[in-house]
Amino acid sequence: MKLIHTHTPETLDSELLAVCQQLVPQGIPEYVACRCPETGEPGSEAAVAGWVVTVWDAVLLQCVAQFVTETPQGRVYFSSLPQERILFIPDPSLSEKMTQSPRPAVQLSLSQRSEVKRFIAVSEEERSIMGRYPVRDGKIQLPADEAKLLGKLAREKESLAIRINLLLRAPDSPCLCGSGKKFRKCCKTRLARLA
Ligand SMILES: [Zn+2]
């Protein structure tokens, strides 16, 4: 079961704006339309660096460095995922960091819970380990002890994600397993046994 569900925020409210400004103080988030890569007209459009922001409801904002494309019709995000729009914060200071591996990513807490803070700290530790080793053929070249540590962090994240869902997921929201039933009537009890 996928424990972490993030999506494009439906609205830009003041709380969300305030959190986004922790990331880019002068940045103004905007919705950018998505388009399938095949339909993109080739040409001289400029790339704009910034953060694509998704939300894990009541838990955190996930911000990942990406390029959007400036076209004569406005900004466009090329993505083969079935989505209509993304939330984007332009950030020129990212332009030079786009070649980093892994790409810059930041999680911003929407909760005061210690579980959420720990989840974010563990994610940062993972990224900092991965950033120290080269990637070859799409695979990161890790020494055995670091690979073991990453495995340990992944297990800790999973157990934190279970607890966070039990604490913060709206009981009447759709279940994580995709059954279409309400969370409280479906997998909530099973997750509580795992926690
Ligand atoms: Zn379920």
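Aspartate 137 sits in the loop between strand S7 (135–136) and strand S8 (139–140). The model is a predicted one. Phi of aspartate 137 is near 50°, a positive value in a residue other than glycine. Is aspartate 137 buried or exposed? It is exposed, because 5 other C-beta atoms lie within 10 Å, and 12 or fewer is the cut-off for that class.

Alanine 58 lies in the loop between strand S2 (46–56) and strand S3 (60–71). It has 15 C-beta neighbours inside 10 Å, so alanine 58 counts as partly exposed. Which residues touch it, leaving aside neighbours within four places in sequence? Alanine 58 is in contact with Leu110, Ser111 and Leu168. Alanine 58 and arginine 169 are 111 residues apart along the chain, yet their C-alpha atoms are separated by 7.5 Å.

Now step back to the whole protein. It holds four helices and eight strands. Read along the sequence, they follow the pattern α-β-β-β-β-β-β-α-β-β-α-α. Along its principal axes the C-alpha trace spans about 55 × 45 × 35 Å. Of the 195 residues, 16% count as buried. What share of the contacts with a separation of 6 or more comes from residues 24 or more positions apart? The share is 68%.

Domain 1 covers 1–110, and domain 2 covers 111–195. Their centres, taken over C-alpha atoms, are separated by 22 Å. Across the boundary, 14 residues of domain 1 are in contact with 18 residues of domain 2. Which element gives the most to the side of domain 1 that touches domain 2? Strand S6 (residues 105–109) does, with three residues. By class, that side of domain 1 has nine nonpolar, four polar and one charged residues.

Proline 102 is placed in the loop between strand S5 (85–90) and S6. A cis peptide bond joins serine 101 and proline 102, with omega about -10°. Proline 102 has 14 other C-beta atoms within 10 Å, so it is partly exposed. Beyond its neighbours within four places in sequence, proline 102 is in contact with Arg127, Met130 and Gly131. Serine 128 is 26 residues from proline 102 in sequence, and their C-alpha atoms are 8.9 Å apart in space.

Proline 104 also belongs to the loop between S5 and S6. It is partly exposed, because 18 other C-beta atoms lie within 10 Å; a buried residue would need 20 or more. Where does proline 104 make contacts, leaving aside neighbours within four places in sequence? Its partners are Ala65, Leu94 and Lys97. Alanine 65 is 39 residues away from proline 104 along the chain, and their C-alpha atoms are separated by 5.5 Å.

Last come two packed helices. Two packed helices are described by the angle between their axes and the distance between the axes. Helix H2 (residues 114–130) and helix H3 (residues 144–168) pack at an angle of about 155°, and their axes are 9 Å apart. Angles over 145 degrees count as roughly antiparallel, so H2 is roughly antiparallel to H3. The crossing of H2 and H3 is left-handed.

Which residues meet across this pair? From H2, the contact includes Glu115, Val116, Arg118, Phe119, Val122 and Ile129. From H3, it includes Glu146, Leu149, Leu150, Leu153, Lys157 and Leu160. By class, the contact of H2 with H3 has 11 nonpolar, one polar and eight charged residues.

Technical notes
Residues numbered from 1 in each chain as written. Predicted model: local features only at pLDDT ≥ 70, side-chain atom pairs only at ≥ 80, totals over all residues. Domains from an automatic or database assignment. Contact = placed C-beta atoms within 7 Å. Helix = DSSP H or I, 4+ residues; strand = E, 2+ residues; numbered from the N terminus. Nonpolar A, V, L, I, M, F, W, Y, C, P; charged D, E, K, R; others polar. Axes fitted to C-alpha atoms, helices over the stretch in contact; angles between N-to-C directions. Parallel < 35°, antiparallel > 145°, perpendicular 65-115°, else oblique. Left-handed = near helix turned anticlockwise from the far one by under 90°.
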